[in-house]
Amino acid sequence: MLAAFRGYSPDVASTRSDFSSVWSLYLWLGVGIAVFIFAFVGFALVRYRARPGRSPSQRDEHNTLEIGVALLLVAIIALLVFVTFRTEAKEDDPTAADAVKIHVVAFQWGWRFSYPGQGVSVVGNSNHPPNFAVPVGRPVDFSLTSSDVIHAMWIPEQRFKKDAIPGKTNRFVMEFDAGGHEAGQRILRTAAHPDGLRRLGPLRREL
Amino acid sequence: MAGLASLDHKATAAKVAIAATFFFLLSGLLALTMRAELAQPGLQLVSTHTYDELFTMHGSGMIYLFLTPAALGLGLYLVPLQIGASQIAGPRLALYGFWVYLCGGLAMYSGFLTNNGAGDAAWTGTIPLSNSSGTPGVGMDLWVIGVALATLGSLLIAITILLTILRLRAPGMTMLRMPVFSWTMLATTFMVVASFPVLIVAMGLLLAERHLGGVFTGATGSIAYQHLFWFYGHPVVYVMFFPFVGAVGESIATFSRKRFFGYRALVLSLLLFTSLSMAVWGHHMFITGAVKNQYYSLTSTLLALPAGIEYLDLIGTMVGGSLVFRAPMLFALGFVLQFLIGGLTGIVVASPPLDYHVNGSYFIVAHFHYTLFAGSLFGLMAGLHFWFPKMTGAMLRERLAKASFWVLVAGANLTFFPMFFLGYDGMPRRVADYEPRLGDLNLLSSIGAGVIAIGVVMVLVNIVVSLRRREPAGNDPWGEGQTLEWWTTSPPPATNFTSLPEITSYAPLLDLRQAAAAESASDLSRHIWRQRSEARGVER
Amino acid sequence: MAAKVGSTGGGAVTGGPKGGGGPLLAWACLQLALGTMLALWGEQVPALLFLCGAIPLLLLSAWNRVRPPTGNPRLLARVSVPVVVLALATATAALGATAGLWLFLIGAELGVFALVWLIREIVAERRTVGG
């Protein structure tokens, strides 16, 4: 439940770290603004409560304040957009040197993962979720599509998701951090973590 | 017979309100069923196919059949009164619009009576799931036709409101003297006129796709559908927002005993906000990889500017005021604070890197329920409690109203706040089952849904009791009405006004009261001056 | 008999303010600007959607300018049954798209009947105002 608030410092560039750096900014800015407004409104409710003998001010505009707030908002927006654009350009760049290629096909209701370089293929469905392997510390180049309706592949741990659209191939690159398993490779989820298996099974059904 | 075919805009608006309430309750029952299923991991109550129908009809009912018509119906009733007009422009169009909307809603829900059930491709009807191979059956056809009819009805009602503002303002009511609520309605009609026809076309094309095929083919076809759909699908959420911001603004001004703060800034920000809202639809498509994410991210984040100005104006209205916490004020404050959470999380998902994680998860479900339920519905409640005496001539029970407010606050937050964490932790939306580790938060959310149901029942009971054992309401039951609707009787006569005061600003009745106070104050000071000078004269 | 519009104040009925097109124009311009921005950013076809707002509002504000409201008392009928029938006919015809041609034809016939009825009702109304 508190995953939202845990920091994450990976030693590889990954979608998870991309997400976390942007998330921190937005989260704390948002919380700060919310706390400020809640507090200010709370103050106003007490301070300006109707009392006998007090009559309300008739001040109905304050141009300096409006312009000041507008400028502040523009500054905040500029910051958010800058950070977002920078990270998004990185995440949406489908090129990577020395990447392992995986082709993914989503269907109702399962997944097929094929490794074109190695001629290996893994298929699964809701009853037998597939379990696919990825290397550690090396970019993985996914090509994602669907054979029927629109699905989406979501790996929550990696904070990334992409639509699987029939007739279109979406390419994206991810990197996975070390997990301490067989040398040179890491099985993302082993039999010891059955929910993990289920999570990578029919990851999601998307409409 | 006369009642069903009445051309009085107030009667038409009442019909819209009754129909919208009916669809709200139906769609709410579907939500309760979903939450009952989701209370525990595993499938206990419904099959996954039935669950698909539940979330489809819940979302469709709430958006197409409840909140959109309710927002427009509120304007249909109030705008002529607020601008000093005796009727709506195009009353026949409005009446026609109501009946077409009602037929559309009934058509959609009648899908439940068919073999394959009601529409089940979500409220968005995305292709290829919604075509004849993805979702065969009459129920889905009925959904498509129903959506088109309901949207047509809403469009026509909005057009009458726009024409009324353009052409039927009373003498002295310039555009910049229109009340806050009427301005929000004007901006709303712009979005409706610009986007609702596109949805009707999209539904027509979807129907053709289902029966003839070849319309939306391949990846380009499904993306094209999404463009058409979301071009409507984003502005509609603002159609379901702005009228209620207006209601909240009027309530806050009235119960702060001040005129609305920053009126001109509000007008500018309404124009900017509603225009920008037409330019952000691609943010629903970030994860498709088929749109220019940066354009839509920029426009979506820019929304924070007009939103922030509006918040400044709402809060500025309270500052320096003399606040009275009647029921409408409570709901208005609930809107201000709760919508904020929805709005801030909206800025979060305007960032593609963040959206890549939370899109399609319960985080988004939490986001839009905070804006639409904890926000807009609370705004609707503020408007309901504020204008009920005007519309019916009877006061609502104040203590019951306040109690229902607190119950709804508890219910809304208990239901929707845990969903932020559920989504972040990996729970997708539109699923009937989930991993066991997410059970506790889901149970909490389901309990919250029950609390919401209690709050809704309390509001309904309040309405029924208040109508049966009436506490009569005069022209200005709050004593502090600022705008023209409080000038006339409660309820207003068929032609709305028998007389009109002079209109000097966007709060004409407040102007009148202040002028009278100044007049009697100056009378009083003249009287004192005369007394003193007479006394001096005597001394001399 | 149809009722006359209630008079405002205690005097002759005059038209309200004539203008009002300003906000429509402003909004239409904003739409064109946002659409142009999208087109420049690379999505020319979706950018065309922005015309769906700009064009109707420009036309409406032009029409409002050219034929401003006269402020004459408007005739106000209390009831209009043909409108309701027309709405039901519309829905029936629309449902014909899934039920079959037979339902569409029933709806269309009903619609024509209701339309004729409606036109006669409106014409009779206008004649009463004039006369």
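In this predicted model, B:Pro491 is placed in the loop of chain B that runs between α16 (439-468) and α17 (508-539), where helices (H or I, at least four residues) and strands (E, at least two) are DSSP runs numbered from the N terminus. The peptide bond that joins B:Ser490 and B:Pro491 is cis, with omega about -5°. A cis peptide bond also leads from B:Ile127 to B:Pro128, with omega near 5°, and B:Pro128 is found in the loop between α3 and α4 of chain B. Most residues other than glycine have a negative phi, and most peptide bonds are trans. In chain A, A:Arg159 has a positive phi of about 55° although it is not a glycine, and A:Arg159 lies in the loop between β6 (151-155) and β7.

Residues are numbered from 1 along each chain as its sequence is written, and chains are lettered from A and ligands numbered from 1 in the order in which they are written. Because the model is predicted, local features need pLDDT of at least 70 and side-chain atom pairs count only at pLDDT 80 or more, whereas totals for chains, interfaces and linings use all residues, and side-chain values use heavy atoms, with hydrogens and water left out.

Chain A contains an open sheet of five strands in the order β3-β2-β1-β5-β8, with mixed pairing; two strands pair if DSSP finds at least two bridges between them. The edges of this sheet are formed by β3 (120-125) and β8 (170-174) of chain A, each of which has a single partner strand, so one side of each is left without a neighbour in the sheet. On average, and with direction ignored, neighbouring strands of the sheet are turned by 20° against each other, the axes being lines fitted to C-alpha atoms (for helices over the stretch in contact) and angles running from 0 to 180 degrees between N-to-C directions. Strand β2 (residues 110-115) of chain A is joined to β3(A) by six bridges, and the two run antiparallel. Among these bridges, A:Trp111 has A:Gly124 as its partner in β3(A), and A:Gly110 is partnered with A:Asn125. The hairpin of β2(A) and β3(A) has four residues between the strands, and in this hairpin A:Gly119 takes a positive phi near 65°.

Between chain A and chain B, 68 residues of chain A are in contact with 82 residues of chain B, contact meaning heavy atoms within 4.5 Å. The two chains bury about 6400 Å² between them, 69% of it on carbon and sulfur atoms, where buried area is the accessible area (1.4 Å probe) that two parts lose on being put together, summed over both. Across this interface the rule finds zero salt bridges, a salt bridge being a side-chain nitrogen of Lys or Arg within 4 Å of a carboxyl oxygen of Asp or Glu. On the side of chain A that touches chain B, α1 (15-47), α2 (63-91), β7 (160-164) and α3 (194-200) each supply at least two residues, and the largest share, 14 residues, comes from α2(A).

Between chain B and chain C, 70 residues of chain B are in contact with 60 residues of chain C, and about 5000 Å² is buried between the two chains, 74% of it on carbon and sulfur atoms. Of the area that chain B buries against chain C, 16% is supplied by B:Arg92, B:Arg167 and B:Tyr295, more than by any other three residues. Two salt bridges are found across this interface, and the side chains of C:Glu121 and B:Arg92 meet in a salt bridge at 2.8 Å, N to O. The side of chain B that touches chain C draws at least two residues from each of several helices of chain B, including α3 (91-110), α4 (138-167) and α5 (180-211).
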